[in-house]
Amino acid sequence: MPGTSDETARRVGMLRDMARIRAFEREAVAAMRSGEAPGVVHPSIGQEAVAVGVCANLHRADRITSTHRGHGHAIAKGADARAMMLELHGRAGGSCGGKGGSMHIADFAVGMLGANGVVGAGIPIACGAAQAIRLKREDAIVACFFGDGAINRGPFLEGMNWAALYRLPVLFVCEDNGFAAFTRGSTVTAGGGPAVRAEACGVPAMVVDGEDVLAVDAVAADLVARIRGGEGPQFLHARCYRWEGHTGTDAAAYRPAEEAAAARDRDCIRRLAAMLDAEEVAAIEAEATSEMVAHRAAAMAAPWPDAAATFSDVQDAGAPAWHA
Amino acid sequence: MARLTFAEAARRALAEEMRRDPLVWALGEDLQQGGIFGQYKGLAEEFGPERIVSTPISESTIMGAGLGAALCGTRPVIEMRIADFALCAMDELVSQIAKVRYMFGGQGRASLVVRMPQGIWRNSAAQHSQCLEAWLTHIPGLVVAAPGTPADAAGMLKAAIRSDDPVVLLEPKNLWTTEGEVEDGTEPLPFGVARPAARGDGATVVTWSACVPVVEQAARDSGVACDVFDLRSLWPWDEAAVIGSARRTGRLLVVHEAVTVSGFGAEVVARVVEALGPGALHAVERLGAPRAPVPFSPVLEAAMRMTPERVAAAIRRIAG
């Protein structure tokens with residue numbers, strides 16, 4: 001319903017989500033580079049439209065599985081951004097109490113079943129989550145995010161076949177940012193690509209401009225409706241571009257600067273912002289930035305985890321203890 | 001009380017758990033045909049195809065889907081067909097199942113069972129005969145159970161299903177058809193409590209899984225009265241019982257089918273020595289397989305098998 005107030009509100013909401021993701025990751029990368037946040041982060045800056053356009057069609061009861069580049073998926077699904085920022089800083093009060101860090105952020109309260117440090121590992125997990133949802137007669141679906149690199153792993157083939165075989169309520173989202181770590185995906189991927197592979201297993205697939213949030217939203221809406229209607233798994237191949245390197249420390253010298261510059265010119269946030277009131281956009285972006293700046297400050301002020309937590313939540317039977 | 005085979009005892013235990021809890025279900029290859037050892041026989045007829053799920057040969061997804069289903073509140077029994085095939089699903093077991101609770105700060109639990117029938121059985125050769133329990137005991141987050149009798153097959157499976165921890169249940173392929181007395185309405189067994197199988201002051205003999213009947217026979221044949229412990233679970237394991245016995249006998253033998261080098265027997269011996277001090281034992285021996293793959297020919301395979309004769313000889317050696 002373009003032009004209606006409902007549609008405008010939806011667009012404003014998606015702009016806010018994309019702006020919050022970008023602001024979060026700008027702060028996260030800065031914190032990592034300054035050494036305030038330990039380890040590395042894998043930013044999804046430039047790819048926000050995929051997470052937001054898909055999650056705009058999910059309910060709280062729906063589940064998602066995510067990747068090592070998962071901040072955007074988590075925020076779009078409604079995860080607590082403050083707890084996420086604390087987690088990136090390894091602090092008490094973080095999403096995982098400081099035990100997971102960027103690659104293992106989860107927020108089960110909003111159905112975010114976890115980022116994952118292993119490429120493609122969320123695919124089997126998403127299949128099983130959908131089977132449990134069916135067994136429990138829950139009214140929910142699963143959205144499974146993975147990158148283009150994942151389609152060359154075995155669990156991708158297994159999972160496509162599995163989901164189609166059992167007609168599971170899963171939306172597979174291949175977030176194709178053009179690079180598998182430092183390597184251009186097209187140089188290591190034979191054949192027709194993600195959608196062709198999915199369809200070969202019987203999973204209907206759509207390809208979308210992943211830098212256009214309205215396009216992602218529209219296609220995701222259609223696919224999610226099919227899944228909720230009992231038509232089984234659907235596949236969304238969203239083409240986008242990773243503005244940053246593989247991690248926040250990777251200068252991405254393996255690709256031409258003009259290519260990345262061109263991608264920045266296609267900025268998904270600016271594309272949507274151009275359709276909205278400029279003052280409102282500016283206010284939303286300023287609010288997103290101040291929110292994430294505050295979260296970063298809160299993270300720096302937060303206490304470190306109690307060292308005893310190192311040995312908690314391993315297992316109940318045979319829990320770890322230092323031998324006296 | 002009933003006399004049941006190992007497979008029948010396990011099948012009955014699973015059926016009882018599935019009747020008790022509608023969130024218990026099983027997935028793996030050929031389950032609707034009863035499983036390759038008959039341990040799922042008749043369950044598809046009783047519980048339907050939604051709870052006894054026959055899957056493609058997709059080990060990564062059998063394992064990983066089990067995890068996803070556990071994270072959404074069901075209690076899956078993941079069937080790996082044989083332990084060797086679980087090697088195709090090591091990421092899902094080691095880096096996902098074993099770690100989700102910890103990585104996510106306690107938000108999710110992988111309350112599931114991974115059944116891995118293991119060991120030498122009917123000339124199955126190198127890729128279908130391995131005992132890799134030591135790999136699994138090394139992984140934080142996993143409970144590792146290794147029953148050696150029909151009664152314990154039932155009790156350990158029930159405990160594994162009810163456990164909130166992920167449990168790897170190593171079922172000895174060579175014992176599926178052995179019979180034993182099984183209580184009606186078997187109760188779950190606690191993890192980390194060994195079964196004392198014999199009592200004597202001449203030596204402490206520790207074993208588990210397929211070697212249990214072999215060691216019990218050997219203890220009778222050896223002429224040495226010894227403490228024999230069937231550990232039943234390897235993580236946690238009954239350190240107190242073994243250490244207490246070894247303190248008394250001063251002689252320790254650990255017997256397992258797995259390769260001796262870096263086998264779980266090394267852990268048992270090391271813990272006993274740490275607990276009692278380096279001079280406390282008069283004799284120590286680990287008896288396992290040479291560091292070689294399991295061969296096919298019956299003559300060659302027999303050379304790899306643990307036998308009552310080998311074990312009895314070792315008992316007599318350490319008893320001095």
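A crossing of two helices is left-handed if the near helix is turned anticlockwise from the far one by less than a right angle, and right-handed if clockwise. The model shown is predicted: local features need pLDDT of at least 70, side-chain atom pairs count only at pLDDT 80 or more, and totals for chains, interfaces and linings use all residues. Residues are numbered from 1 along each chain as its sequence is written, while chains are lettered from A and ligands numbered from 1 in the order in which they are written.

**Figure 1. Packing of helices α5 and α6 in chain A.** Helices (H or I, at least four residues) and strands (E, at least two) are DSSP runs, numbered from the N terminus. The axes of α5(A), residues 122–135, and α6(A), residues 154–165, come within 8 Å and cross at roughly 20°. That angle makes α5(A) roughly parallel to α6(A) (angles under 35 degrees count as roughly parallel, over 145 as roughly antiparallel, 65 to 115 as roughly perpendicular and the rest as oblique). Axes are lines fitted to C-alpha atoms, for helices over the stretch in contact, and angles run from 0 to 180 degrees between N-to-C directions. The crossing of α5(A) and α6(A) is left-handed. From α5(A), A:I123, A:P124 and A:C127 meet A:P155, A:F156, A:E158, A:G159, A:W162 and A:A163 of α6(A); two residues are in contact if their C-beta atoms, placed from the backbone, lie within 7 Å. The residues of this contact comprise seven nonpolar, one polar and one charged (Ala, Val, Leu, Ile, Met, Phe, Trp, Tyr, Cys and Pro count as nonpolar, Asp, Glu, Lys and Arg as charged, and the others, Gly among them, as polar).

**Figure 2. Packing of helices α1 and α11 in chain A.** Helix α1(A), residues 5–34, packs against helix α11(A), residues 278–301, at an angle of about 35°, with the axes 8 Å apart. The crossing of α1(A) and α11(A) is right-handed. Residues of α1(A) in the contact include A:V12, A:L15, A:R16 and A:F24, and those of α11(A) include A:V281, A:I284, A:E285 and A:M292. By class, the contact of α1(A) with α11(A) holds eleven nonpolar, one polar and seven charged residues.

**Figure 3. The five-stranded open sheet of chain A.** The strand order is β1-β2-β3-β7-β6, with parallel pairing; two strands pair if DSSP finds at least two bridges between them. The edges are formed by β1 (63–65) and β6 (205–209) of chain A, each with a single partner strand, so one side of each is left without a neighbour in the sheet. On average, and with direction ignored, neighbouring strands of this sheet are turned by 20° against each other. Within the sheet, β3(A), residues 170–176, and β7(A), residues 234–239, pair in the parallel sense over six bridges. A:D176 has A:R239 in β7(A) as its bridge partner.

Figure 4. Strands β10(B), residues 204–207, and β11(B), residues 226–230, pair in the parallel sense over four bridges, and B:V205 stands opposite B:V228 in β11(B).

**Figure 5. The contact between chains A and B.** In this contact, 39 residues of chain A meet 40 residues of chain B. On the side of chain A that touches chain B, the elements giving two or more residues are α5 and α6 of chain A. The largest share, ten residues, comes from α5(A). This side of chain A divides into 20 nonpolar, 13 polar and six charged residues.

**Figure 6. Two backbone details, at B:P236 and A:R137.** Most residues other than glycine have a negative phi, and most peptide bonds are trans. The peptide bond from B:W235 to B:P236 is cis, with omega near -5°, and B:P236 lies in the loop between β12 (233–235) and α9 (239–249) of chain B. A:R137, a residue other than glycine, has a positive phi near 55° and is found in the loop between α5 and β2 (142–147) of chain A.
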